[in-house]
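This report goes through a structure of two chains, part by part. Please keep the sequence and the 3D view at hand while reading.

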Amino acid sequence: MRTKTRLAAVTLSAIAAAACSSRPSVWDQPPGDAPRAFGLTSAAIVVDDGAHRAVSLHAHADQVLTATSLPIGHNVLATATSPDAARLFVLAGGDAPRRSAKDEYPSLTVIDGGSAVRFTMAEPLGNLAVDPVGRWAAAFAGSGGAGQAFVQNPNEIVLFDLSAPPGPTNPVSRTIRSFGGVPRRLTFTPTLLLPGGPRRLLVVETDQDVTLLDLDHVSESPPRPEITVRLTNGDGAAQLEPAGVVVDDGDPTRSDDARVAVRTSNDTNVITLQLGPAPAGAPAGGNDFFPTINLTDVGGIPSDIAFVRTDGGLRVAALVPTSGDAVLVDPTTSITEPVSLPAAYTRLSVVTDIVASGASPTDVALLWGAEVASSGVAFWTLGQSAGQPYRSVEVLGLADSIGTVADVPSPHPELKLLQSAAASGFYVLDLRARTAAPLTTLGTATLAVAPDGQRLWAFDPGTTQLASVDLATLHPVPLFVDHAVSGAFDVARDDGGRALVAVQGGGAFGATVFDALAPDSATARAYSAIVLGGLQ
Amino acid sequence: MKLAFVVTALGITLSAATARAEGERPSRPMGEALPVWTGEIGYRASFVTDPGLNPFSPDDQLGQFSMGAERAVFARGRFAFATGLFWDVGGTSATARGDDASIIVHRFTLPLEARFGFAPWLYAFTRASAGAALVRAEVDDFTAPAHLIHSSWVPVLDLSAGGAYRIGNGGGEGKLGVWVIAEGGYGWAGRASLLLSPDLASDDPRRTGSVDLGTISLHGAFLRTGLALAF
């Protein structure tokens, strides 16, 4: 009996010992309800934070999809794609607290094609800004709480030089001088011809001032100081809160007329900073440019601004919805010229390159965003603004108020997608013909333009509604999917074709692949549980 | 650690058997006194550390119902040799990132067993078993049009040792008795694919793709305990 007892005890002990082992924790972490998915040139990327990876979905002929995993940092805080959709940036907070050498530091992972490069940071920062030209990326704390450490420097900006490999001097950290403000938005300027030569600047908007940082000398030691412009309207101590900046290089033959214009959310002034030579006696090692500040009252809080070229020269165009006017500001003299608009448009963009038949010395701007539905969009011909401003605006009346405008790549740059504010439909605007073809939707449509400019995809997030629209014929093709679509990404296939990867949430995520050039539900292929694969 | 427990268990079994057998004298060669026919049912616990099992098991364990029959085909002195057929069936299930995942394994083996009799009621054995296993993996995912499944056959091989002890006062040489059998060892299995596809009807027009969970090899230490009817 004693032997039997011992035998049973040993057996049970062995089983108990085996039960102590466990699988990696990733298997116990559901991926969430909605996938964080992004479209790159040749792949759709699903960020799988629980597994510390990005799942890259590549399309092949016959709607075959293959998945590869790329490692990313732990605890994803922010993600962004480059404007050319070539790269995905994943900002991660790392493991907090770090208890062992295996625990990760905060990092930025740059996914480019099939490779991933990781830059390590010292502290977690929750916001990300990406250079439209592709040279820089910047992480900053901002005012959000994501990834915040116990003690954080909200004015620290970490700059990543994407043209160089990670190293001791890449990234570089800069703390901008603060008068109490906290960075809200970062803007990378194009190359500007400044007195010291061609330069690229980082414009930092805090909640009360604007800072200019010379990116071409950001890694110098000692670093060149940034230039902080405190924003006041001159009437009192009230701080002005920047709401957007625009940049213009001015005359390409001059090095003293680059300008930055700033609008604010709480003041009627437009502030222009002309970047001229540094004053005599400026300390050595400092910046070789200096901003001259100009304030111009436009009669109301501007909702949007842009540098435009008129028949009277360079102007800052400001839309003032409260007065229903646009105001042209001469940045040199601060003289203003109001232009009465047929509706209180709130947004504008310059479309000269598209609508002008040849090299035009003056601009054409597209206006939209008026609350009155019938006001649609308007073309503002700035070549007539100085002499006959009242004849310079042509309205294209639409049935809906326009909320957003999206560009269409070549070969159809003349097209713009106008989404109604009510999101009950959209229009395909032909800038050259000045026509707007309506397309109605049964639900709230999200639009995705194919990078090859040939078609758009409309889907209703959270539903199975999906359609393709040929931009040449505007012929819609309804498509069927089994599960609600979270994102639609038109990607290049390895055989030269194109595919739509419709990513679906729920479970371990799915994807339905269509032939983008001949979309048909009958030839589509559905994939399931895509974040269960590749974890061995 | 797991193997240490197995070896310890065998040691205890053998030492106890030797002590009890010292006071008995077999009436004929011990090997011939051991059971000729054995029918066994029991439980096989396998400890599989292969990462392929992770979606299907939270603790690396694979439990199976075990059933088998053997016949002694040769006996000399204290030794006897037996062969037969075993079928282990069972599986494990878990939640894999929110999805229900399960794996079922049918393991068919032909054992070759060498027995060493300590007494008519106690013997130790070593066993080598070869055969094949049917591995069926299944995942239920919200986005899938049907269960995601994959089945494949893989070769298997077990090497084990154990002991058998007749319980109760009934039985005797050539008579039906109830035996307790315990064994431990190592089981090897070929690597099976885990390329799961929706289990759609053959006439379903939908075109689907597969999800690749990698591969799995169900190798590892195992323990098997059971009861046998033998005579």
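## Chain B: overview

Of the 231 residues in chain B, 52% are buried. The model is a predicted one. Chain B contains 2 helices and 10 strands. Their order along the sequence is α-α-β-β-β-β-β-β-β-β-β-β.

Contacts in chain B can also be sorted by distance along the sequence. Taking those between residues at least 6 apart, 69% join residues at least 24 apart.

In soluble globular proteins, nonpolar side chains tend to be buried together. In this model the largest nonpolar core has 47 residues, and Phe56(B) and Leu218(B) touch the most other members. Strand β5 of chain B, residues 122-140, contributes 4 residues, the most of any element.

Which residues does Leu218(B) contact, leaving aside its neighbours within four places in sequence? They are Val48(B), Leu53(B), Leu62(B), Val105(B), Arg107(B), Val135(B), Gly187(B) and Ala189(B).

Two or more residues of the patch come from each of β1 (37-48), β2 (61-76), β7 (177-189) and β10 (220-230) of chain B.

Is Phe231(B) buried, partly exposed or exposed? Its relative accessibility is 45%, so Phe231(B) counts as partly exposed.

## Chain A: overview and confidence

Chain A has 2 helices and 42 strands. Its C-alpha trace spans about 110 × 60 × 40 Å along the principal axes. Buried residues account for 52% of the 536 residues in chain A. Of the contacts in chain A between residues at least 6 apart in sequence, 45% are between residues at least 24 apart. The accessible surface of chain A is about 21800 Å², with 54% belonging to carbon and sulfur atoms.

The mean pLDDT of chain A is 88, and 92% of its residues score at least 70. Where in chain A is confidence lowest, and where is it highest? The lowest mean, 50, belongs to helix α1 (residues 2-19) of chain A, and the highest, 97, to strand β42 (residues 525-527) of chain A. Where pLDDT is low, the predicted coordinates should not be read in detail.

## Salt bridges in chain A and between the chains

Over all chains, the whole structure holds 44 salt bridges. One of them joins the side chains of Arg525(A) and Asp62(A), at 2.9 Å from N to O. Asp62(A), at 40% relative accessibility, counts as partly exposed.

Another salt bridge pairs Arg206(B) with Asp482(A), with the closest N and O atoms 3.6 Å apart. This pair crosses between chains: Arg206(B) is in the loop between β8 (191-198) and β9 (211-217) of chain B, and Asp482(A) is in the loop between β38 (476-479) and β39 (485-492) of chain A. Arg206(B) is partly exposed, with a relative accessible area of 36%, and Asp482(A) is partly exposed at 33%.

Within chain B, the side chains of Arg127(B) and Glu183(B) form a salt bridge of 2.5 Å, N to O. Arg127(B) lies in strand β5 and Glu183(B) in strand β7 of chain B, and this pair links distant parts of the chain, 56 residues apart. Are Arg127(B) and Glu183(B) buried or exposed? Both are buried.

The pair also belongs to a network of salt bridges that share partners. The network joins Arg44(B), Glu70(B), Asp88(B), Arg107(B), Glu113(B), Arg115(B), Arg127(B), Asp158(B), Glu183(B) and Arg224(B). Arg107(B), one of the residues in this network, is also in contact with Leu218(B).

Technical notes: Residues are numbered from 1 along each chain as its sequence is written. Chains are lettered from A and ligands numbered from 1 in the order in which they are written. This is a predicted model: local features need pLDDT of at least 70, side-chain atom pairs count only at pLDDT 80 or more; totals for chains, interfaces and linings use all residues. Side-chain values use heavy atoms; hydrogens and water are left out. A nonpolar core is a set of buried Ala, Val, Leu, Ile, Met, Phe, Trp, Tyr and Cys residues joined through side-chain atoms within 4.5 Å. Buried means under 20% relative accessible area, exposed over 50%, partly exposed in between (1.4 Å probe, protein chains only). Contact means heavy atoms within 4.5 Å. pLDDT is the predictor's confidence in each residue, from 0 to 100. Accessible areas come from the Shrake-Rupley method with a 1.4 Å probe; for residues, only the protein chains shown count as cover. A salt bridge is a side-chain nitrogen of Lys or Arg within 4 Å of a carboxyl oxygen of Asp or Glu.
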